[in-house]
Structures are given as C-alpha cells and as structure tokens.
Amino acid sequence: MKAILVGAVESTKIALKCLAASAKWDLAAVFTLPPDLSGRHSDFVDLAEEAARAGARIVRTANINSDAALQAIREMEPDYIFVIGWSQICGEQFRATASKGVVGYHPAPLPRLRGRAVIPWTILLDEPISASSLFLIDEGVDSGPLLGQRYFHLAPDETAATLYAKHMARLEEMLPMVLEDIASGSPTLSIQDERCATYAARRRPEDGLIDWAQPASAVWRCVRACGDPYPGAWTSYGDDRIVIESAVPIPLHHHAAALAGQIVERGERGFTVKCGDDQGLLVSRWRTAREKPLPNHAILGRPKAAA
C-alpha cells in the first residue's frame, strides 16, 4: 500500500514511525508546514529528519487543498492519505486524490467531542473518560466510520500535558494494528452513532483568561486545561500578563474580607489567590515579564482603568 502522511505535530511523528516500520506500507511523502508557519501549532514538530530516515519525500505546504499540493499528491498516486496532526479541513478534491481513502486521527471518544481544541475541552468539561480515535475522513467533521479506538480514564488532576501524552501512547499502540487491518483490503469499520455526537469549538490563547469569580475548582480546571503544550491559563496585573503554570485549590479560613482575584497569602510554596467560592488557589509556578514580584494583596485579572 502506498501512503502519504499529512501533519506537523507529535502525533504525525508517531504515524510516520509506524508507517515506516510496516512492511506492508510504502510511505511516499510527508506533507508538512514550512518552519516559518510553525506558529500554527503550539506543539509543532519538524519532521524533515524522520522523513529522510524513512526514505520519504518531504513536501512543505501552507495549504493542503492548494492546486500545487493537490497536483503533487496526484502524481504520487497514493492508496491512502493519513491526515494526523493537521488543522485544515480536507476538501473534496483533496479526498479524491487517494484511491482508497483518507484516514484521520482525533484525540477524543468519537462521536463525542468532534471539532477543535478537544484536549483542553476534555479537561474543562471534567470528562472522566477519553479515547484516541482513528477513522475514515468523509465530508463531515470527524464523522466518518471508525477504524479503531482506545479508551482510558482521566485522573482527577489531569493536565493538558499528561492527557496529551496518554493520547500519544494510545495512538502508538493502536496504529500498527489498524495499518495491518487496512492493508488486508477489508478493514473493520464501525459507523458512528450520530445521536451521541457533540462538538467542540475552537479555542484561542485569549480564551485562557482566568475568571477569579469562578469557584476554585473551575479555575484549577482552566489552569490544567490550558497549560503546556498550549499557551496557558493567564491573568493580568496592570499591563502584565501572568501565565499560571501550576496550581492547586486549597481551603481558606481567615480571608473572608478579601476580593476574588486578590493575593491573600504568600509562602515558600508560592502565593494564594482567593476565588469566587471563598476557596483559594495556591499558585506554585508561573511566568511573567515582570522583573519584580507581584505586590502583596495584588488584585489579579482586572483590566487597567481607561485614561
């Protein structure tokens, strides 16, 4: 089977290795972003060296649906195209360039959480279970027949980084068997149940703004959901943006006379901010452009008054 791989992140690298290791697959090319567009993905991976080791041509493109990309794919005549770690919708002309089908990957238990930014949304929604899904891409959004899924539980303190790692591990476990199944000529397919479908909307860095009026548990979810490899949950003090990298909710006993978003305690472990339910968030790791520490009793998250 001749394959082309499209992607630019860690999951693409895993797929590249699995395809290269399979005796039943010929990886003709890897279509990926040029380095100057790496900012499209916070988890961007340059695949040039891996592609060279696999004997696959590397093709840089900003738009997989462009005439140039489509022509290059047609000339290679792939049986299957694997789109794993690519943010653009696969257009009809693109899908038609693969004689047998286009395979996609989604870090969610399809048909639940189709769409964008599903790793942060999984934590923000306090989902207890997730799954990595491989499927055939059709004209819908993550709606094609399933080729394989691997389910797993989320820990109560799951972060974007730990959830991301779990998905990568499940993809690496699952993909070799799915490749064998596809190469057999009659892969096992499971139709998604549309009654169970839900959709996740796109998230931008600005959506990581912390609302200190929320309960401490909700603020903690925001911190965990938006962290590495994503831009981070953030708050502000004056003109400074402060990214909260690690925190944990704690009870407050002596700070009834304080505002939500106010720093009420300092210690060796960090500083504590009062949240909207009169509980606190102990911030142990953060980053900011400030050269000096935040002042005692600073109020976070409030915009600077207009002049």
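This is a predicted model: local features need pLDDT of at least 70, side-chain atom pairs count only at pLDDT 80 or more; totals for chains, interfaces and linings use all residues.
**Entry 1. The largest pocket**

I began with the open spaces and found that the largest pocket has a volume of about 1300 Å³. I counted 46 residues in its lining, and the ones that lie nearest the centre are His41, Ser87, Gly115, Arg116 and Ala117. I then looked up which elements give two or more residues to this lining, and noted β5 (101-106), α5 (118-124), α6 (160-183) and α7 (216-226). Sorted by class, the lining of the largest pocket holds 22 nonpolar, 13 polar and 11 charged residues.

**Entry 2. The second largest pocket**

For the second largest pocket I noted about 310 Å³ of space, and a lining of 19 residues, with Gly227, Asp228, Glu245, Ser246 and Arg285 nearest the centre. The elements that contribute two or more residues here are α6, α7, β11 (240-250) and β14 (280-287). Which of the elements gives the largest share of this lining? I found that β11 does, with five residues. By class I recorded nine nonpolar, four polar and six charged residues in the lining of the second largest pocket.

**Entry 3. The domain in the record**

I checked the UniProt record, an unreviewed entry, which lists residues 17-178 as "domain: Formyl transferase N-terminal". Over residues 17-178 I found the chain to be 32% helix and 24% strand, with the end C-alpha atoms 14 Å apart.

I looked up His106 and found it in strand β5. Is His106 buried or exposed? With a relative accessibility of 4%, His106 counts as buried, and a polar atom of its side chain lies 2.8 Å from the backbone oxygen of Leu113.

Ser143 sits in the loop between β7 (129-136) and β8 (146-153), and at a relative accessible area of 15% this serine is buried. I also noted that Ser143 and Glu194, which are 51 residues apart in sequence, have their C-alpha atoms 8.3 Å apart in space.

Gly232 belongs to the loop between α7 and β10 (233-237), where its relative accessibility of 8% makes it count as buried. From Gly232 to Val219 I recorded 13 residues along the sequence and 12 Å in space, C-alpha to C-alpha.

**Entry 4. Backbone geometry**

I turned to the backbone with a general point in mind: most residues other than glycine have a negative phi, and most peptide bonds are trans. I noted a cis peptide bond between Leu110 and Pro111, with omega at about 10°, and placed Pro111 in the loop between β5 and β6 (114-115). Another cis peptide bond runs from Asp228 to Pro229, where omega is near 10°; Pro229 lies in the loop between α7 and β10, and Asp228 is one of the residues nearest the centre of the second largest pocket.

For phi, I noted a positive value near 50° at Ala117, a residue other than glycine. Ala117 lies in the loop between β6 and α5 and is among the residues nearest the centre of the largest pocket.

Note on methods:
Residues are numbered from 1 along each chain as its sequence is written. Side-chain values use heavy atoms; hydrogens and water are left out. On a 1 Å grid over the protein atoms alone, a cavity is a set of points where a 1.4 Å probe fits but cannot get out, and a pocket is an open set with protein on both sides within 12 Å along at least five of seven lines; lining residues have an atom within 4 Å of a point. Grid points are joined across faces, edges and corners, and a volume is the space filled by probe spheres set on the points. Helices (H or I, at least four residues) and strands (E, at least two) are DSSP runs, numbered from the N terminus. Ala, Val, Leu, Ile, Met, Phe, Trp, Tyr, Cys and Pro count as nonpolar, Asp, Glu, Lys and Arg as charged, and the others, Gly among them, as polar. UniProt positions are given in the numbering used here, feature names are shortened, and annotations may be inferred rather than shown by experiment. Buried means under 20% relative accessible area, exposed over 50%, partly exposed in between (1.4 Å probe, protein chains only). A polar contact is a pair of N or O atoms within 3.5 Å; within protein, one must be able to donate a hydrogen and the other to accept it, and residues adjacent in sequence count only if both atoms are side-chain atoms.
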